[in-house]
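Subject: Structure handover

Hello,

Here is the structure for your work. My notes on what turned up follow below it.

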Amino acid sequence: MASGRRTPRTGLLELRAGEGSGAGGDRWQRVLLSLEEDALTVSPADGEPGPEPGAQREPEPAQLNGATEPGAKSPPLPEALLLQRRRVTVRKADAGGLGISIKVKYMKEVSPYFKNSASGTSVGWDSPPASPLQQQPSSPGLPPRDLCDAKHMSLKMAYVSRRCTPTDPETRYLEICSADGRDTLFLRAKDEASARSWAAAIQAQVNALMPWVKDELQALLSATSTAGSQDIKQIGWLTEQLPSGGTAPTLALLTEKELLLYCCLPQTREALSRPARTAPLITTRLVHSGPSKGSLSYDAELSFALRTGTRHGVDTHLFSVESPQELAAWTRQLVDGCHRAAEGVQEVSTACTWNGRPCSLSVHIDKGFTLWAAEPGAAQVVLLRQPFEKLQMSSDDGASLLFLDFGGTEGEIQLDLHSCPKTMVFIIHSFLSAKVTRLGLLA
């Protein structure tokens, strides 16, 4: 009876094996890649290492003892070699069998004409594949080694990217990292079409496992007391563009209120409760999605930027994804998430000083702005109240001052928030965006 599992897809690629001696700086090992429903297996394959990146590749000449094409002529031997006498000694071994020893003075000069002919077949690619499993060890600095045995990698929440560094001018690279970050496969396909096909096939299998991953994380999230009953709205790998110019895989988990960023897949309650970074959605803005003015060409088409207002200033992060579909999904979820957070919070308050008087500023998504002060032995005294519709402009000095212009006789008021005003500025923008969306307009 059939098991229902599909036949694994297999193919020959190259696996980066470490540093080489050429200009490209990398060695590549030929490997057999096998893609199953829940795992990827890479095994050593026969063949010589391929050329290093940046090296010029030339068509392989017709081969002696097995030309690459039927009827192809063997390359002529140098005349100097043809005129040389060769002495062949035939010895009969004691244990039986016939051993032949050929002594040629210019063997070094002849050997290039027998390249790749030992197996009787020629390599099918214009550059033979090869590359080793590049591991991310617990102790940094351990160089990658040649792959000697088959290596299996789980596809559960694996990271798949074709936007690898160093930049590949031929776009033949693809990188696959395990969810725990321990194993990395840096592969090179024979051409761009093959790299694209393999990346899409692997990503499809990763996506097929996503519902189980999401259910597991949802169970952990529900059991985390600090998270309450938040639902996971989106999960996936993003490639973060680092200020240094490099990139780093980042696992993003979007809930109803926060964007949680991890270096690897959290598999315990403790790991889930300790993200590398947290961005409250109500203070986070999607700056752009897709190419932006002045953006670099690298990953510009499939990138988006986020800015988060904090007590210390503004945190800006640039991420890229692998497809337009992913970009659209993250863009929509982030915008909708900001609006959901604004509708859920409804109101925020902060201490401030207005005209030298200590007071508090409350901003309500429906009621607008209220400045009030607490008088000894009396109820709160309202100093100023204005609806959102009256707000003409808001700005800040990036240090502690918030400026709100309601027009009319009041004009612009200046509030000292005693800390960076960006958090309040971003919340005001989130409330405004959510209110515009209520009206059925684009925010």
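Start at L259. Leaving out residues up to four places away in sequence, L259 touches A252, L253, L254, R277, T278, A279, L281, L306, W330 and L334. Please keep in mind that this is a predicted model.

L259 belongs to the largest nonpolar core, which has 44 residues. Within that core, L259 and L415 touch the most other members. Helix α6, residues 422-438, gives the most to this core: seven residues. A second core of 24 residues is separate and includes L15, I176, L185 and A189. In soluble globular proteins, nonpolar side chains tend to be buried together.

Overall make-up

The protein has six helices and 24 strands. It has 443 residues, and buried ones make up 41% of them. Take the contacts with a separation of 6 or more: 53% of them are between residues 24 or more positions apart.

Strand β13 covers residues 258-262 and is joined to β14 by four bridges. These two strands run antiparallel. L260 stands opposite T278 in β14. T278 is also among the residues that L259 touches.

S320

Strand β17, residues 313-320, contains S320. Is S320 buried or exposed? S320 is buried, because its relative accessible area is 1%, under the 20% cut-off. The side chain of S320 makes a polar contact of 3.2 Å with that of Q241. G290 is 30 residues from S320 along the chain, and their C-alpha atoms are separated by 9.1 Å.

Strand β3, residues 39-44, is mostly covered, with five of its six residues buried. Strand β2 (residues 27-35) runs antiparallel to β3, and five bridges join the two. β2 and β3 form a hairpin, with three residues between them. Within this pairing, S34 has T41 in β3 as its bridge partner.

β3 is also joined to strand β7, residues 151-154, by four bridges. That pair runs antiparallel as well. In β7, H152 is the bridge partner of T41.

Cysteines

How many disulfides does a search of the whole structure find? It finds zero. C264 is partly exposed, with a relative accessible area of 31%.

C359 is in no disulfide either. Its nearest cysteine sulfur, that of C352, is 3.7 Å away, and the cut-off for a disulfide is 2.5 Å. C359 is buried, with a relative accessible area of 6%.

Best wishes

Conventions. Residues numbered from 1 in each chain as written. Predicted model: local features only at pLDDT ≥ 70, side-chain atom pairs only at ≥ 80, totals over all residues. Heavy atoms only, no water. Core = buried A, V, L, I, M, F, W, Y, C linked by side-chain atoms within 4.5 Å. Buried < 20%, exposed > 50% of the residue type's maximum accessible area, 1.4 Å probe, protein only. Contact = heavy atoms within 4.5 Å. Polar contact = N/O pair within 3.5 Å; in protein donor to acceptor, adjacent residues only side chain to side chain. Pairing = 2+ DSSP bridges.
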